[in-house]
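Subject: Structure handover

Hi,

Here is the structure you are taking over. My notes on helix packing and cores follow below.

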Amino acid sequence: MRKPTPRRKSQPRKSVQQRLAAARKGKAARVRGAKTRLGADRKAAHGELPQWTTAEIAEAFRRFAAANPAPRGELAHINPFTLLVAVVLSAQATDAGVNKATPAVFKLADTPEKMIELGEPRLRQMIKTIGLYRTKAKNVIALSKQLVAQHGGNVPHDREALEALPGVGRKTANVVLNIAFGEPTIAVDTHIFRVGNRTGLAVGKTPLDVEMKLLQVVPQQYRLRAHHWLILHGRYVCVARRPLCEKCVIADLCKWPGKTINSPIAAGNTNK
């Protein structure tokens, strides 16, 4: 008769601080399972995580600035008009995909007048690799006509006028105001919405809630570039499926219970 296998003694679970201490010593930390991460994301999406303190937010942006002092948007453009067009085309599409299609377009049409001359059928053919290209081509031609008719062919430096253009919503207007005109706006896309809620940096149930919270809590000296830092962080580090917490410079500040803990980079940057 086989002897029963002795049961292992259960080990007490380590706290976040203990796991960070292990990370500082170079010891690998266990990655949270997908089920745990999904559950944590559900809580985060409902704004259930604690909001960061003023000191924590200032420290996070100090680290972002130290790691990337001059962040830039990734949409290729030549001037405010081509920026506006690129952002309209990027809705529900990747910047990389848009950047593959737009150089040829902007070579022929870098002003509203030239875009109207290019025409919707040809534009549609040139951007057909981008999702929703038919609707987007229609909107680009329509907004070009409106810019010529109402703004002398110039992109307006005004939120209300921008949002009145076909295919332009609050997020697009924020991007144009920030990049083209140097306004300290924050365009909350899926990446920033995820980062704000998942980390506890700016919790909110809607993109507008998160935007208003960010404008309230981000220190003034960081507000102009906050849009870029947060988008890049969400796009390349705090990704949707399996965030790279081990590469995150703010992992020790993050309130997300599903995070991975092996974060020696963040652990070495607790300069408060």
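At what angle do the axes of helix α4 and helix α10 cross? Roughly 150 degrees, and the axes come within 10 Å. Helix α4 covers residues 80-89 and helix α10 residues 170-181. (Helices are DSSP runs of H or I, at least four residues, numbered from the N terminus. Axes are lines fitted to C-alpha atoms over the stretch in contact, with angles from 0 to 180 degrees between N-to-C directions.)

This is a predicted model: local features need pLDDT of at least 70, side-chain atom pairs need 80 or more, and totals for chains, interfaces and linings use all residues. Numbering runs from 1 along each chain as its sequence is written, and side-chain values use heavy atoms, without hydrogens or water.

α4 and α10 are therefore roughly antiparallel (over 145 degrees). In contact terms (heavy atoms within 4.5 Å), P80, L83, L84, V87 and V88 of α4 meet T172, V175, V176, I179 and A180 of α10. That contact has 9 nonpolar residues, 1 polar and no charged. (Nonpolar here is Ala, Val, Leu, Ile, Met, Phe, Trp, Tyr, Cys and Pro; charged is Asp, Glu, Lys and Arg; the others, Gly among them, are polar.)

Now the cores. A nonpolar core is a set of buried Ala, Val, Leu, Ile, Met, Phe, Trp, Tyr and Cys residues joined through side-chain atoms within 4.5 Å; buried means under 20% relative accessible area with a 1.4 Å probe, protein chains only. The largest has 33 residues, and L84, M115, L123 and L162 have the most contacts inside it. α4 gives the most to this core, with 8 residues. A second, separate core of 27 residues includes W52, L201, A202 and A226.

Best wishes

Note on methods:
Helices (H or I, at least four residues) and strands (E, at least two) are DSSP runs, numbered from the N terminus. Angles under 35 degrees count as roughly parallel, over 145 as roughly antiparallel, 65 to 115 as roughly perpendicular and the rest as oblique. Buried means under 20% relative accessible area, exposed over 50%, partly exposed in between (1.4 Å probe, protein chains only).
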